[in-house]
Amino acid sequence: MVNHDQFCEVLIELEDTLVEQFRQIQQLIELTLSERQALLENSDSLMNIVEEKEVLLDRLGVLEDNRRKAVQKLALERGIVSDETSIAELLPYLDESEARRVTRLVEGITSLAREARQLNDYNQALAVTRLDWLQAAQVFLVGVVQPEPAYAPPYKARPAAEAANFGMDYRA
């Protein structure tokens with residue numbers, strides 16, 4: 001009986017972790033949309049958004065570790081031996097209602113993670129495009145202020161050949 005209670009406690013811990021992962025990924029999507037808006041508007045808030053995303057990704061990493069530990073504990077409770085135990089391997093050992101809840105949570109997390117990845121890829125492409133544009137503008141501006149190759153300050157004498165023809169080329 002104690003073994004079953006331990007299994008239920010760890011299962012509740014797993015479900016809580018999955019719910020928190022779901023919420024954190026929702027937040028990540030919101031931040032990624034804010035990041036896109038900041039990129040489009042050249043907003044100064046971009047760095048703050050990026051820092052918030054880094055903190056959120058760290059939290060997601062901790063939650064993922066907690067999820068793995070809970071899955072491993074549940075596998076040990078049921079005697080499942082595997083190098084990388086997955087939630088799918090645990091489903092046959094759960095009650096039908098528990099299995100449905102866990103499956104829905106995992107599917108929701110997977111769906112949200114896919115959406116977050118797509119949004120992030122779009123933002124990355126947008127950022128690279130903006131960076132390329134800035135680099136091209138910088139090259140153009142530097143080229144505008146650079147002196148022409150034949151330029152010489154007025155206090156320096158011109159070469160004799162150039163002075164004789166005043167920069168004109170005579171050909172027969």
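The side chains of Lys53 and Glu35 meet in a salt bridge, with 2.8 Å from N to O, a salt bridge being a side-chain nitrogen of Lys or Arg within 4 Å of a carboxyl oxygen of Asp or Glu. Because Lys53 lies in helix H2 and Glu35 in helix H1, the pair ties together parts that are 18 residues apart in sequence; helices here are DSSP runs (H or I, at least four residues), numbered from the N terminus. This is a predicted model, in which local features need pLDDT of at least 70 and side-chain atom pairs count only at pLDDT 80 or more, whereas totals for chains, interfaces and linings use all residues. Residues are numbered from 1 along each chain as its sequence is written, and side-chain values use heavy atoms, with hydrogens and water left out.

**Salt bridges**

- Lys53 is buried, with a relative accessible area of 9%, and Glu35 is likewise buried, at 9%, where buried means under 20% relative accessible area, exposed over 50% and partly exposed in between (1.4 Å probe, protein chains only).
- The count of salt bridges comes to six.
- Glu64 pairs with Arg67, the closest N and O atoms being 2.5 Å apart, and both residues lie in helix H2, three residues apart, about one turn of the helix.
- In this pair Glu64 is partly exposed at 23% relative accessibility, while Arg67 is buried at 15%.
- A network of salt bridges links Glu64, Asp65, Arg67 and Arg68.
- In helix H4, Arg100 forms a salt bridge with Glu96, with 2.9 Å between the closest N and O atoms, and the two, being four residues apart, are separated by about one helical turn.
- Arg100 counts as partly exposed at 43% relative accessibility, and Glu96 as exposed at 60%.

**Nonpolar core**

- The largest nonpolar core has 28 residues, of which Leu14, Leu18 and Leu74 touch the most other members; such a core is a set of buried Ala, Val, Leu, Ile, Met, Phe, Trp, Tyr and Cys residues joined through side-chain atoms within 4.5 Å.
- Two or more residues of this core come from each of helix H1 (2-41), H2, helix H3 (87-90) and helix H4 (96-145), and H1 gives the largest share, ten residues.

**Charged surface**

- Glu51, Glu52, Glu54 and Asp58 form a negative surface patch, patches being made of residues with over 30% relative accessible area and no salt bridge, with like charges joined within 9 Å.
- One of these residues, Glu51, has its place in helix H2 (residues 46-78) and counts as partly exposed at 46% relative accessibility.

How values were computed: Patches are made of residues with over 30% relative accessible area and no salt bridge: like charges are joined within 9 Å, nonpolar side chains (Val, Leu, Ile, Met, Phe, Trp, Tyr) within 5 Å. Accessible areas come from the Shrake-Rupley method with a 1.4 Å probe; for residues, only the protein chains shown count as cover. Lys and Arg count as positive and Asp and Glu as negative; His and the chain ends are not counted. The place of a charge is taken as NZ of Lys, CZ of Arg, CG of Asp or CD of Glu.
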